[in-house]
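Subject: Structure handover

Hello,

Here is the structure we talked about. Please open it first, then read the notes below.

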Amino acid sequence: MVIKKVGIIGCGLMGSGIAEITARAGYDVLVTEVNEEFLKKGIARIEASTQKAVDKGKSTAAERTATLARIKGSTKIEDVKSCQLVVEAVIEKMDEKKRVFGILDAACPPETILASNTSSLSITEIAGSTKRPDKVLGLHFFSPVPVMKLLEVVRTIMVKDEVVEAGVAYGKAVGKETVVCKDAPGFIVNQLYLPYTLVAIRQWERGLATKEDIDKAMSLGLNYPMGPFTLMDFVGLDIHYNACMSIFEETKDPAYFPPPVLKKMIQAGHLGRKTGKGFYDYPGK
Ligand code: 3HC
């Protein structure tokens with residue numbers, strides 16, 4: 001099936017980034033949010049990011065205008081029924097994912113491909129809750145979506161090969177390098193990345209080094225663009241914690257069990273950059 005129009009469910013940090021790169025690649029995009037206020041915020045994020053791309057010389061003002069013109073918004077999930085591919089990027093809660101996929105399954109024609117951007121929940125469980133498990137796959141983007149080059153394409157034991165191939169082709173069309181991975185908690189990247197960040201927290205807690213020096217060691221010693229504490233603050237400690245817990249709950253592997261300090265920080269509202277405080281302070285945020 002030829003994909004011309006892509007639906008994006010959720011216009012938060014990930015959904016707005018996916019909408020942006022999809023429209024930039026020439027697809028028509030319909031992005032949905034729960035209400036007008038969130039939709040407005042999401043579209044404003046896309047406007048700011050596409051402006052940054054122009055300022056950085058990655059795109060022209062005319063391309064930006066054309067990209068923005070391809071993006072339409074709605075507060076009704078059902079409106080994506082005219083899309084050939086739908087990418088869900090809502091909150092990382094299984095109940096909510098299933099609710100959204102239930103609406104999509106009922107509204108979209110049977111040939112529509114449904115994808116989830118989840119980083120740690122089971123694609124198999126999401127697919128199994130629909131009447132089209134052979135058309136459901138994972139498309140896991142990384143933050144910030146317009147900049148990060150990778151897309152993990154996640155295959156279940158039910159999905160058809162041509163659906164995986166369509167996911168890979170879409171990833172390439174939106175400018176990403178793709179890797180195909182089986183549906184296993186954390187896929188490739190988060191299985192490597194999450195335990196490493198938790199080791200960093202444990203190193204800091206037992207006084208091995210300051211968090212600044214642990215960050216410095218990883219960014220200069222291994223050429224990581226950000227050390228673990230800076231990156232956790234960037235991603236959001238709540239998102240980080242939920243990703244760790246959902247993998248821990250599924251695998252019972254202690255490597256994913258977050259040190260209690262992470263939960264305490266979340267309870268205190270210290271979620272990272274977005275709240276102005278996480279492992280570091282971000283005055284003015
Ligand atoms: N559109 C297109 N290009 C853009 C852009 C935009 N909106 N904004 C920035 N860029 C380009 C810039 O032009 C620049 O390109 P260049 O290298 O060719 O000059 C590049 O992107 C970097 O941009 P900046 O110069 O503005 O920013 P920095 O150099 O400070 O890098 C960063 C910022 C990209 C966030 C970098 O620090 C980084 O890579 N950090 C690590 C991010 C990471 O690991 N993300 C994964 C998080 S984990 C995740 O998402 C999984 C989840 O499941 C938990």
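A polar contact here is a pair of N or O atoms within 3.5 Å; within protein, one must be able to donate a hydrogen and the other to accept it, and residues adjacent in sequence count only if both atoms are side-chain atoms. This is a predicted model: local features need pLDDT of at least 70, side-chain atom pairs count only at pLDDT 80 or more, and totals for chains, interfaces and linings use all residues. Residues are numbered from 1 along each chain as its sequence is written, and side-chain values use heavy atoms, with hydrogens and water left out.

The ligand site

Start at Ser143. A polar backbone atom of this residue sits 2.7 Å from a nitrogen atom of the ligand. On accessible area (Shrake-Rupley method, 1.4 Å probe; for residues, only the protein chains shown count as cover), the ligand alone exposes 1,100 Å², and the protein buries 68% of that. Lys58 places a polar side-chain atom 2.6 Å from one oxygen atom of the ligand. For His140, an N or O atom of the side chain is 2.9 Å from a ligand oxygen.

The shell is made of 20 residues, where near means a heavy atom within 4 Å. Lys56, Lys58, Ser119, His140 and Ser143 are the closest. By type, the shell holds 11 nonpolar, 5 polar and 4 charged residues. Nonpolar covers Ala, Val, Leu, Ile, Met, Phe, Trp, Tyr, Cys and Pro; charged covers Asp, Glu, Lys and Arg; the others, Gly among them, are polar. Domain 1 (5-182) and domain 2 (191-275) each give at least three residues to the shell. Those bounds come from an automatic or database domain assignment. Helix H2 (36-55) and helix H9 (228-235) each supply at least two shell residues.

The chain as a whole

The chain has 11 helices and 8 strands. These are DSSP runs numbered from the N terminus: helices are H or I with at least four residues, strands are E with at least two. The radius of gyration is 19 Å, close to the 19 Å from the globule rule for 285 residues, so the chain is as compact as a globular protein of that length. That radius is taken over C-alpha atoms, and the rule is 2.2 Å times the number of residues to the power 0.38. Along the principal axes, the C-alpha atoms fill a box of roughly 55 × 45 × 35 Å. Of the 285 residues, 48% are buried. Buried means under 20% relative accessible area, exposed over 50%, partly exposed in between (1.4 Å probe, protein chains only).

Residues to look at

- Gly42 is in helix H2. It is buried, at 0% relative accessible area.
- Asn117 is in the loop between strand E5 (113-116) and helix H5 (123-128). It is buried at 7%, and its side chain reaches the backbone nitrogen of Phe141 at 2.8 Å.

Most residues other than glycine have a negative phi, and most peptide bonds are trans.

- The Ser143 to Pro144 peptide bond is cis, with omega near -5 degrees. Pro144 is in the loop between strand E6 (136-141) and strand E7 (150-155).
- Phe187 has a positive phi, near 50 degrees. It counts as buried at 3% relative accessibility.
- Lys252 has a positive phi of about 60 degrees. It is exposed, at 55% relative accessible area, in the loop between helix H10 (237-251) and helix H11 (260-267).

Best wishes
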